[in-house]
Amino acid sequence: MFDESFDVVVIGAGHAGCEAASAAARLGARTALVTINLDLIGQMSCNPAVGGIAKGHVVREIDALGGIMGRVIDRTGIQFRLLNRSRGPAVQSPRAQADRGLYRTEMRRVLEATSELHLRQGVVTDLIVANNKVTGVELSDTRRFGAKSVVVATGTFLNGMIHTGRQTYSAGRAGEPASIELADSLKRRGFPVGRLKTGTPPRLDGRTIDWDAFEPQPPDKEPVPFSFATERIQQPQIQCYIGFTSDKLHQTIRDNLHQSPLYSGKIKGIGPRYCPSIEDKVVKFGDKDRHQLFLEPEGRNTNEVYLNGFSTSLPSSLQLELLRMIDGFGNVRIIRPGYAIEYDFIDPRELRPTMASSRMQGLFLAGQINGTTGYEEAACQGLLAGINAAFSAQGRRGFTLARDEAYIGVLADDLIQHGVDEPYRLFTSRAEARLKLRHDTADERLYPKGRELGLIGDNDWVRFEQKRDRIAYLRNLLDETRFKRSTPEYASVSQILGCDLGDSFTLSQLALRQGVKPDLVHRLLPDTIRTNLNISELETALADSLYRSYIDKHQAAAERINHHDTLRVPDEFAFSAIGGLSNEMIERLERAQPRTFAQVRKIAGLTPAAVSSVLVHLTAANTDSASRN
């Protein structure tokens with residue numbers, strides 16, 4: 001019946017598919033990664049960069065759970081920067097410009113070196129289903145692969161449609177065919193499908209740019225890696241540049257909005273709010289006389305330049321005309337015009353927290369098919385889906401993350417509980433517990449989980465334990481190292497800060513004062529400690545001191561307000577057995593598959609009466625469970 005049989009089949013080799021396939025295979029599941037073009041595994045079809053605000057946190061969390069994105073970008077990044085350095089540690093986030101071609105090559109190398117992972121090229125046209133359970137996939141070349149679990153990670157390929165001015169054509173991304181048959185198959189099987197839109201800017205020939213007209217944006221002197229296994233970034237770094245649009249350019253766009261498919265009505269899909277096209281910027285922010293642009297080289301050995309901030313679907317000839325209105329672009333040439341792409345997505349409220357479909361057994365969805373935008377958001381869903389697809393195939397319990405454990409948990413909860421009406425992206429502001437979800441604590445929070453899953457190896461675990469012990473020692477040292485008014489150190493610090501410090505102060509108390517930086521605390525440590533001290537570990541210990549009281553207050557307040565939120569929904573709990581609930585309420589509850597009462601409260605459309613009824617029955621169910629145990 002099948003040409004080949006696998007435990008897990010992953011459809012699509014973008015960032016979600018790569019993480020899903022890697023995780024499933026390393027958990028011992030015989031895994032196939034099926035993609036249209038094996039040469040484009042891990043392709044960065046938009047911005048050649050990883051990380052950013054909240055996104056950098058997610059990449060750190062992926063790494064802490066045993067994912068691969070952090071290691072790949074550390075080996076292929078060409079400009080590393082820690083964003084928000086001037087702000088608090090909780091919102092600082094790493095970002096790296098990637099060598100696009102090298103990232104793709106390294107990702108494929110990592111996957112091909114993975115035992116139990118098998119790469120296959122082809123176009124999946126349909127799912128093979130028996131008794132509402134996925135049993136395999138069918139390809140356009142008539143091959144059939146059997147599978148116990150299937151992960152769909154198709155990105156923008158489902159019914160993808162590209163727009164550049166009046167030109168419209170079917171494609172998954174520029175140069176690759178759309179996945180039409182699979183999209184139609186999912187619709188036929190009853191999946192609720194919507195339409196979203198995203199876009200890219202033109203890519204420019206760097207030899208035709210007057211670089212002196214732009215402001216240099218240098219890399220960090222001490223690059224911050226993404227992977228906890230990376231001791232330091234070895235490869236040389238490059239410079240990016242900053243530029244601006246002009247009033248004349250804005251007026252020309254206004255005069256030609258009729259040529260934009262976004263404003264002519266051709267594009268029906270909703271675009272990303274936080275990454276608007278240049279047309280959208282000009283229309284929606286009419287009071288601004290210029291918008292910032294970033295000139296980002298696509299690699300060390302190419303002349304191609306990505307113009308971040310200039311996403312557009314205007315005609316290619318008009319794109320060139322507009323660009324030449326910018327200082328430094330007087331003779332610029334376009335290598336690839338910008339374009340917009342519309343694609344199908346499936347309502348993520350169909351999902352369980354494991355990324356499993358609640359509609360069909362054995363099916364998992366990850367990435368832009370769930371309405372998200374961004375490589376990082378896709379990758380973390382892929383990791384969750386791959387772990388749980390392997391566990392499902394092996395008959396093991398699913399793995400999930402809560403909102404207060406990781407940004408990955410925030411994303412999963414947001415998608416499943418609220419759905420999307422525009423492409424979803426993460427921000428630090430989405431996390432209620434963001435003060436403890438710092439990028440530098442991702443290993444402390446998630447390494448034990450990654451180890452328990454089986455994705456963290458022995459060497460990495462030993463290194464983590466040693467680091468954890470060192471930071472714990474530093475925390476104690478900061479609490480216990482005290483300077484009295486009579487000491488020279490007290491006088492020196494008082495003079496630097498220009499204030500009285502009381503009768504005495506500890507280093508952890510000093511860390512709470514405004515303007516105190518790690519280098520000041522570092523100078524006050526004993527010489528024996530300073531000799532081999534890792535500054536990043538000191539920064540983590542100091543941030544722990546800084547946020548300790550805030551986290552305690554937040555936790556106490558949350559417990560007072562939501563003291564019922566930790567009530568678990570037992571696996572055998574039946575919402576349909578609750579008397580008085582309407583069919584609509586039961587349907588909403590069963591579709592959302594909440595695991596706690598906190599998730600019940602957040603389900604859109606539940607009436608207060610329904611919430612109260614569920615609480616009564618959950619309390620009774622938990623009381624019964626406790627008495628039995």
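1. Glu298 sits in the loop between strands β16 (292-297) and β17 (304-308). Helices (H or I, at least four residues) and strands (E, at least two) are DSSP runs, numbered from the N terminus. The model is predicted: local features need pLDDT of at least 70, side-chain atom pairs count only at pLDDT 80 or more, and totals for chains, interfaces and linings use all residues. Residues are numbered from 1 along each chain as its sequence is written, and side-chain values use heavy atoms, with hydrogens and water left out.

2. Is Glu298 buried or exposed? Glu298 has a relative accessible area of 4% and is therefore buried. Buried means under 20% relative accessible area, exposed over 50%, and partly exposed in between (1.4 Å probe, protein chains only). Apart from neighbours within four places in sequence, Glu298 is in contact (heavy atoms within 4.5 Å) with several residues, including Pro48, Ala98, Asp99, Arg100 and Arg203.

3. Ala98, one of those contacts, also stands opposite Gly77 in strand β5. An open sheet is formed by three strands in the order β3-β5-β4, with antiparallel pairing. Two strands pair if DSSP finds at least two bridges between them. β3 (49-51) and β4 (77-83) are at the edges with a single partner strand each, so one side of each has no neighbour in the sheet. On average, neighbouring strands of this sheet are turned by 15° against each other, direction ignored.

4. Six bridges link β4 to β5 (residues 93-98) in the antiparallel sense. Leu82, for example, stands opposite Pro94 in β5. β3 and β5 also run antiparallel and are joined by three bridges; Ala49 has Gln97 in β5 as its bridge partner.

5. In a regular strand the side chains alternate between the two faces of the sheet. In β5 both faces are covered: Ser93, Arg95 and Gln97 are buried on one side, and Pro94, Ala96 and Ala98 on the other. Six of the six residues of β5 are buried.

6. Helix α12 (residues 442-453) has 12 residues and should span 16 Å at 1.5 Å a residue; its end C-alpha atoms are 16 Å apart, which agrees. The expected span is 1.5 Å times one less than the number of residues. Just after α12, Gly454 takes a positive phi of about 105°.

7. Which residues of α12 are buried? They are Ala442, Asp443, Arg445, Leu446, Tyr447, Gly450 and Leu453. Their cover includes α2 (55-64), α10 (375-394) and α13 (458-480).

Conventions: Axes are lines fitted to C-alpha atoms, for helices over the stretch in contact, and angles run from 0 to 180 degrees between N-to-C directions.
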